Every structure is written in C-alpha cells, then in structure tokens.
Amino acid sequence: MPQDYWGRMVYILQTRGMSYLNGAKNTMIIALVSTLIGCVIGFAVGIVQTIPVSKKDNIFKRALLFVVRLILNIYVEVFRGTPMMAQAMFIYFGSAALFNINMSMWFAAFFIVSINTGAYMAETVRGGILSIDPGQTEGAKAIGMTHVQTMLYVILPQALRNIMPQIGNNLIINIKDTCVLSVIGIVELFYATKSVAGALYTYFEAFTIAMVMYFVLTFTCSRLLRLWEKKLDGADNYDLATTDTLAHTSGMYSYPGGNSSEKRRTDGMEKGQAAQSEERNDEASADRSFGKERDR
C-alpha cells in the first residue's frame, strides 16, 4: 500500500475499481427505474386530487372521491414526512414480520424508492395542473371536450413542461438517496465504498472517489435533462400566418423577428405599394384621356 495520498487513490482504483463501477451501475438502475415509476404514481395521484367536484354531482361520486382522496393524502403525508431509511427498514423487515411477505432486496429497493418518489411527485403534479390558466379548461369544455380529454390533450402537456425541472431534481435526489438502501443490503455505490474503506482502512481516499463519482453522475443527468427542457421549449422564432388582408399582420412574419420572414413581409409591402402606384397612374391617364375627348 503506497504511503502518499495520491498513491493510495491510484491503488484503490486499480484494485477495487470494478467494485465502484458495479455500485455506480446499481445506483443508476435503481434511480432511473424508480424515478420513472414514481412519476407514473405521482401523475395518477395528482390527477385524482384535481378532479373537479360540485354539489350537482352524484352523491356516490362525491363520497367515493372523498374516501380516495383521504387515502391518497395519508399516503403523501406519511411518505413525505418520514425518512427513506426508516421506510426501507420498516417495509423490508416489517413486511416479513407482520405479513410474512419475504421481499427480495431488489424488489424492495425499487418499491421503496418508487413510492417515496411518487409521494413527492404527487404534490408536484397537482401544483403543475393548478398552475395552468383556468381559461384553458373552460375553452376545452366549450368545444365539447370531456374532463379526460381536457386533461390528456390540453392540461397535462403544459403541466409536464412546467414540472420538468422538478422531475430532474427528483432523479438527482434519488441518485444520492439510494445510499440509504445499504441498510437492507443493496450493493450500490455507497455500500461498495464502505466495503472498500473497511477492507483497506482508507476511508478518506475511498469516500473521495465516491464523492467524485456521485458528482459525475448527478452533473451528467442534470445537463441531459436541461437539454431535454430546451427541446421541449421549441424554437425561439416562429412564423405566424393570417389571411385577413385588412390586418396589419397580414401575410407571414417571424416573431420575435427572423430575417427570412421579415424579408418576405417587406417584399410584400413593396409589391403592394407598387401596385397602388400603378393604379393611381392608370387613373390619372384615364382622366387625361377623358379631358381630351371632351375638349374635342
């Protein structure tokens, strides 16, 4: 074992590098899959929580929604209000002790992180749906769309763009929080680091490597999600088309200003002015001809 700091770092990477990579792979698998499942759970819970209810609705519908929302609110508050480590130990060991359900470690890992993420995503989705202007819903209902159609084709696409940053934030949190799954025996990056540090008695060096790897994983995911957000935003410039010849905006023009479309609009205005000038010249020529005929 080398005596200097950098020598020990190199030695750890050479001898235990595969352990780190295997742990990082497991961390990313759990984080990605659980975030995806958590988003599905969050969208389902958030949509149910925003279903409109009025006094005109059937009493059975109102009673059913009240019970369902009560259960969902309890789920959200419990999983947002307790640490994931306690949830992991309670679900993994408690399911066997209370219900005689023996979960595998991997199933328990996906299940725990997914329902924890779903609780946070439920409030995010609810806020994203409520952030959409009520006029969008009113306009959809005015053209005969049902509530399901309104949510599917009008509200959710806009809400998804609004909550994209929070989805990315949850993914980054899950990459880091998978370390709590070491309490149930999942060999992720933190567990692998702890094993290396305990075997070689190089805690500082081992966890320095782990810290760098966590940063690389989270930073890479953050940049990729930022690119996806920009793609969802669309182009900065776009063309508007109108057919009203009396409107100042008639024709094609670019907003906030593109060279090609601006040139088309300018050319159109010049052609229109030329045509008006020709009409005035024709009228003047006709007037002169009429005057000559009258003099004769």
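## E123 and R126

E123 is partly exposed, at 21% relative accessible area. Partly exposed lies between buried, under 20%, and exposed, over 50% (1.4 Å probe, protein chains only). R126 is partly exposed too, at 29%.

The two residues form a salt bridge, with 3.0 Å between the closest N and O atoms. A salt bridge here is a side-chain nitrogen of Lys or Arg within 4 Å of a carboxyl oxygen of Asp or Glu. Both residues sit in helix α4 (residues 105–130). They are three residues apart, about one turn of the helix. Helices are DSSP runs of H or I, at least four residues long, numbered from the N terminus.

## Basis of the model

The model is predicted: local features need pLDDT of at least 70, side-chain atom pairs count only at pLDDT 80 or more, and totals for chains, interfaces and linings use all residues. Residues are numbered from 1 along each chain as its sequence is written, and side-chain values use heavy atoms, leaving out hydrogens and water.

## E205 and R8

The whole structure holds three salt bridges. One of them joins the side chains of E205 and R8, at 2.7 Å from N to O. E205 belongs to helix α8 (residues 203–233) and R8 to helix α1 (residues 5–49), so the pair ties together parts 197 residues apart in sequence. Both E205 and R8 are buried.

## K61 and D57

The side chains of K61 and D57 also meet in a salt bridge, at 3.7 Å from N to O. K61 is partly exposed, with a relative accessible area of 34%.

Technical notes. Helix = DSSP H or I, 4+ residues; strand = E, 2+ residues; numbered from the N terminus.
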